[in-house]
Amino acid sequence: MTAHLLWVDDEIDILKAHIIFLQKKGYEVDTASNGYDAIDLCQQHTYDLILLDENMPGLSGLETLQRIKEAAPAVPVVMVTKNEEEQIMDQAIGSQIADYLIKPVNPTQILLSLKKNIHQRTIIAEHTQSAYSQDFGRMEMLMSDANDIDAWKDVYKRLVTWELQLSEADSSMLDMLATQKRDANQQFARFISKNYLGWLSDMLSHDRPIMSPDIFRTRVFPQLDKGQKVFLIVVDNLRFDQWRVLMPDIAELFHVDEDLYLSILPTATQYARNAIFSGLMPDVIAREYPDLWVDEDSEEGKNLNEAPLIQTQLDRFRRHHTFSYYKVNDNTSAEQMLAQLSKQERYDFTVCIINFIDMLSHARTESRMVRELATNEAAYRSISLSWFRHSAINALFKTLAQSNYRILLTTDHGSIRCSNPIRVKGDRNTNTNLRYKLGKNLDYNPKEVFEIVHPEQALLPIPNLSTRYIFATGDSFFAYPNNYNYYVSYYHDTFQHGGISMEEMLIPLIELTPKGR
């Protein structure tokens, strides 16, 4: 590791041993004994880091720091001082120094600061790649041994953790991870295909995973029974990896209790979100509340009856809790909700739907510009984080952090980046979703999909007696033979949902308690 350093100290001669140590480590070191010479050198050379004494005659260290920041704003500066006064530290930190060292310093301290401020990304990348290489075989074993939903949660969490770390390190091993993730999704699809209908055969069983209809019963109602006010935030189409990049900002305000739950099939708003709010599977909603269920072939919006569905669940459980309901589609509606937030305290719980992530997913498909901005998974996460930090939703969380609410943050389903087209034929009544199809005249290869021939077993509506459902697995998407090449080109590498993958089905279920409480 090499770098070009500038060391500024009015007693630079007595630091000769330290400088020789750094030179033997491969560093090129220029020196200056006062601030004026240091500024001249900064204007003549490009440095990787500057070591700056705080207490110098003439131009002080803090004054020199300000002038250096004007001449070379991107260069990290490490302040070296005998002064331990808090005021001096605050001024230095406020001037955006990279580090603060107290004299006398030893060569190891200096070397550690250099590694942290110059070579950190390289060291992290090397360490992360090495750690993932060592963990690769263990991950393969975890995947092959995963025989229950908790094991698959662990697999998915570990894969996401590695993905975030390798992406941050800009590692060349991301391709290896992507391959392992595809393998994991294939095994996960086999696990779901084997167990899904069995779980639904007994909805009262304690052995099945927590699923969409269970959210109110297991997470909302227990808090209400304690007399706790609840604020339920449903971020449409929020994946676990997106939650993980939002979490550090949220964790500054809240104690975080993180979990995952299993979305029902299809992993689409009409089915999964309506199941959350009604506490029922889709076939029961369609049968018992036909006025609140919208069929696939209807042009009416599929999520227009959410507040009435919540009320049906309260009525069914003979609960008399009051609630308010908001849907946030843009910053204006978020600000309007914020303005009325103080009035919500008279309700037992509030439900807030946030649609930005889902809108981003659809915009990435339809807009070339958005696709350029979110070229890959890391960019998709980055846009999600930027939106959160600069939208009124961030203000919502800051306001809730000062409240007495118990906040439950979740989603209805996730999405997966699709690259593998599968041919399917259907009549004009077949739905348009790219990850699941239902109809009576579907033509497909059964080996390429998860098929449900008897929808009643999956507690899904049956528009006619010969209706069947098929689901894409892994990163596949359905394409019609007509105009096949155009269709594949348009939808390749887009984020879709409705099918079977860890990204779509294993989704965040987060409880937040304000730290100030």
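Contact here means heavy atoms within 4.5 Å. In this predicted model, R423 touches D443, Y444, A479, P481 and Y484, leaving aside residues up to four places away in sequence. The protein comprises 20 helices and 18 strands, and its C-alpha atoms fill a box of roughly 90 × 55 × 40 Å along the principal axes. Of its 517 residues, 53% are buried. Among contacts between residues at least 6 apart in sequence, 74% join residues at least 24 apart.

**Nonpolar cores**

- The largest nonpolar core has 108 residues, of which F188, I192, Y196, F216, I233 and F277 touch the most other members.
- Helix α8, spanning residues 174-200, gives the most to this core, with nine residues.
- Another core, of 19 residues, lies apart from it and has A32, L41, M56 and Y100 among its members.
- Beyond residues up to four places away in sequence, F216 touches F221, P222, L232, I276, F277, I310, Q313, F349 and V351.

**Packing of α11 against α13**

- Helix α11 (residues 269-278) and helix α13 (residues 306-316) pack at an angle of about 40 degrees, and their axes are 7 Å apart.
- On the α11 side the contact involves R273, N274, I276, F277 and S278, and on the α13 side E306, L309, I310, T312, Q313 and R316.
- By class, the residues of this contact between α11 and α13 are four nonpolar, four polar and three charged.

**Packing of α9 against α13**

- Helix α9 (residues 215-225) packs against α13 at an angle of about 80 degrees, with the axes 12 Å apart.
- Helices α9 and α13 are therefore roughly perpendicular to each other, a label that covers angles of 65 to 115 degrees.
- F216, R217 and F221 of α9 meet I310, Q313 and L314 of α13.
- Four nonpolar residues, one polar residue and one charged residue make up the contact of α9 with α13.
- Within α9, the buried residues are I215, F216, R219, V220, F221, Q223 and L224.
- Just after α9, G227 adopts a positive phi of about 85 degrees.

**Q313 in helix α13**

- Q313 is found in α13, and it takes part in the contact with α11 and in the contact with α9.
- With a relative accessibility of 1%, Q313 counts as buried, because the limit for that label is under 20%.
- Apart from residues up to four places away in sequence, Q313 touches P213, F216, R217, F221, I276, F277, S278 and G279.

**Cysteines**

- The count of disulfides comes to zero.
- C352 has 0% relative accessibility and therefore counts as buried.
- C418 likewise counts as buried, at 0% relative accessibility.

- R423 is placed in strand β12, which covers residues 420-423.
- At 47% relative accessibility, R423 counts as partly exposed, as this label lies between the 20% and 50% limits.
- R423 and D443 are 20 residues apart along the chain, and their C-alpha atoms are separated by 8.6 Å; D443 is also among the residues that R423 touches.
- E456 lies in the loop between β14 (450-452) and β15 (468-471), and it counts as partly exposed at 41% relative accessibility.
- E456 and N429 are 27 residues apart in sequence and 20 Å apart in space, C-alpha to C-alpha.

**Backbone geometry**

- K103 and P104 are joined by a cis peptide bond with omega of about -5 degrees, and P104 lies in the loop between β5 (99-102) and α5 (107-117).
- A cis peptide bond also joins L265 and P266, where omega is about -10 degrees; P266 is in the loop between β7 (254-262) and α11.
- N483 is not a glycine, yet has a positive phi of about 55 degrees.
- The loop between β16 (476-479) and α19 (484-491) holds N483, which counts as exposed at 55% relative accessibility.
- D493, another residue other than glycine, has a positive phi near 70 degrees, and it is found in the loop between α19 and β17 (494-496).

How values were computed. Residues numbered from 1 in each chain as written. Predicted model: local features only at pLDDT ≥ 70, side-chain atom pairs only at ≥ 80, totals over all residues. Heavy atoms only, no water. Axes fitted to C-alpha atoms, helices over the stretch in contact; angles between N-to-C directions. Helix = DSSP H or I, 4+ residues; strand = E, 2+ residues; numbered from the N terminus. Nonpolar A, V, L, I, M, F, W, Y, C, P; charged D, E, K, R; others polar. Buried < 20%, exposed > 50% of the residue type's maximum accessible area, 1.4 Å probe, protein only. Core = buried A, V, L, I, M, F, W, Y, C linked by side-chain atoms within 4.5 Å. Disulfide = S-S within 2.5 Å. Parallel < 35°, antiparallel > 145°, perpendicular 65-115°, else oblique.
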